[in-house]
Protein chains: 2
Amino acid sequence: MSDELSPDNNSFTQAERDAVYRAIAERRDMRHFRPGSIEPDQLQRLLQAAHKAPSVGLMQPWRIIRISDKALRSQITQLVEKERLATAKALGEREAEFLKLKVEGIDSCAELLVVSLCDKRDEHIFGRRTMPEMDLASVACAIQNMWLAARVEGLGMGWVSLFEPEPLAKLLALPDGASPVAILCLGHVDEFYSAPMLELENWRHGESLEHVLFQNQWGQTAKR
Amino acid sequence: MSDELSPDNNSFTQAERDAVYRAIAERRDMRHFRPGSIEPDQLQRLLQAAHKAPSVGLMQPWRIIRISDKALRSQITQLVEKERLATAKALGEREAEFLKLKVEGIDSCAELLVVSLCDKRDEHIFGRRTMPEMDLASVACAIQNMWLAARVEGLGMGWVSLFEPEPLAKLLALPDGASPVAILCLGHVDEFYSAPMLELENWRHGESLEHVLFQNQWGQTAKR
């Protein structure tokens, strides 16, 4: 293909495009890890990928706390376990089914990160006067970048949101206004799930693209 | 490198890794578009990339409305213009400076998409009993996937959040509980900004990674 031979500065080659689509397709929310640490340079690349995310008004609202203290990791495990049981109860008739799922890999992952929204967010008006929650959207973009970077590094990542934010904020000495939104488990894996784990476990099956796509008005079928 | 020669099913080659990191580094929030339509197959690839995003409890809360009606596009332009002026006023002493920025490219982009949170979200408890806003995080991951896919396709994308969600919801006949979170402009560009446009325009400069990174406790410097 001609663009393989002479890409201009703007354009990606077909091979580069394929690599990005492959990463998007093969990224998984991982809960099963095998032992082994992550090289500091490799972790740094993942963090830099997160930090290159877009953010509303360039506010860069993400704060990333690396948990290296073992006692702290154990306290976080307990917070998640408490919420796992509370969620199970709230699910009612699916309680037993939910309790069989592996919903986190905090004990076995190589690196544990807590991602939080920063404090003093009221100072940022650009792009969030009517929708202040756009700061969370920016943090999620950063996490998605890290997820894709982890996948191409051959590392698994899992986003755990089974926790009460307030006790976790207290545990990590977050200032007023800051709020944790993700516990990220990072580590080596034996293999990546062939499909989302919740599909493999028959918890829920994803819808097709057509189901989420409309044209001009909600409910109006999109033309191709 | 050996992994160039014999990648197993799990691993990405160095060239593939580089491509993903390049896309992450060169993605920009674009506001300047040049004429030209987007091929249906190309648009489909972007939408599929979005739809492959992770979502809390696999709820896939994103709904994407493609705006092909010209009158509708014009009404959306007016909604955004109204909020642009309201934001400018709210910014106080930076009002005039803000008004000089190009904050959207709705008039000139090839494709206009409105991304919304779905209705009936209360039915989804997994991963959001304590943080219901995790549905927005999932939608943002989908948008970030689309952003990276657009970049490798050589297309620019901009996320506009300058609007009041309620009138936009009304305009697109969103059901109760659904809520728009992004107006996405997609199109061809003459070139991608060499740095975030808000930096080039001296609106704000990004912080270094070190600024957002802590260890074990908020404010505690991260070790490498």
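Strands here (E, at least two residues) and helices (H or I, at least four) are DSSP runs, numbered from the N terminus, and two strands pair if DSSP finds at least two bridges between them. Within this pairing, Ile64(A) faces Leu213(B) in E5(B). The model is predicted, so local features need pLDDT of at least 70 and side-chain atom pairs count only at pLDDT 80 or more, while totals for chains, interfaces and linings use all residues. Residues are numbered from 1 along each chain as its sequence is written, with chains lettered from A and ligands numbered from 1 in the order in which they are written.

Now step back to the sheet around that pairing. It is an open sheet of six strands in the order E3(A)-E4(A)-E2(A)-E1(A)-E5(B)-E6(B), and its pairing is mixed. At the edges stand strand E3 (155-160) of chain A and strand E6 (217-221) of chain B, each with a single partner strand, so one side of each has no neighbour in the sheet. On average, neighbouring strands are turned by 35° against each other, direction ignored.

A pairing between the chains is also found with E1 of chain B. Strand E5 (residues 213-215) of chain A and strand E1 (residues 62-67) of chain B run parallel and are joined by three bridges. Here Gln215(A) stands opposite Arg66(B), and Phe214(A) has Ile65(B) as its bridge partner. E1(B) is also joined to E2(B) by six bridges, the two running antiparallel; in that pairing Arg66(B) is partnered by Leu113(B).

How enclosed is E1(B) by the rest of the structure? Six of its six residues are buried, so E1(B) is largely enclosed.

Among the buried residues of H3(B) are Leu43(B), Leu46(B) and Leu47(B).

The contact between the chains takes 90 residues from chain B and 90 residues from chain A; two residues are in contact if their C-beta atoms, placed from the backbone, lie within 7 Å. On the chain B side, helix H6 (residues 134-152) gives the most, with 11 residues.

Finally, look within chain A, which has nine helices and six strands. Of its 224 residues, 47% count as buried. H2(A) and helix H6 (residues 134-152) of chain A pack at an angle of about 100°, their axes 9 Å apart. Axes are lines fitted to C-alpha atoms, for helices over the stretch in contact, and angles run from 0 to 180 degrees between N-to-C directions. The two helices, H2(A) and H6(A), are therefore roughly perpendicular, a term for angles of 65 to 115 degrees (under 35 is roughly parallel, over 145 roughly antiparallel, the rest oblique). Ala23(A), Ile24(A) and Glu26(A) of H2(A) make this contact with Leu148(A), Arg151(A) and Val152(A) of H6(A).

Notes. A residue is buried if 20 or more other C-beta atoms lie within 10 Å of its own, exposed if 12 or fewer, and partly exposed in between; C-beta atoms are placed from the backbone.
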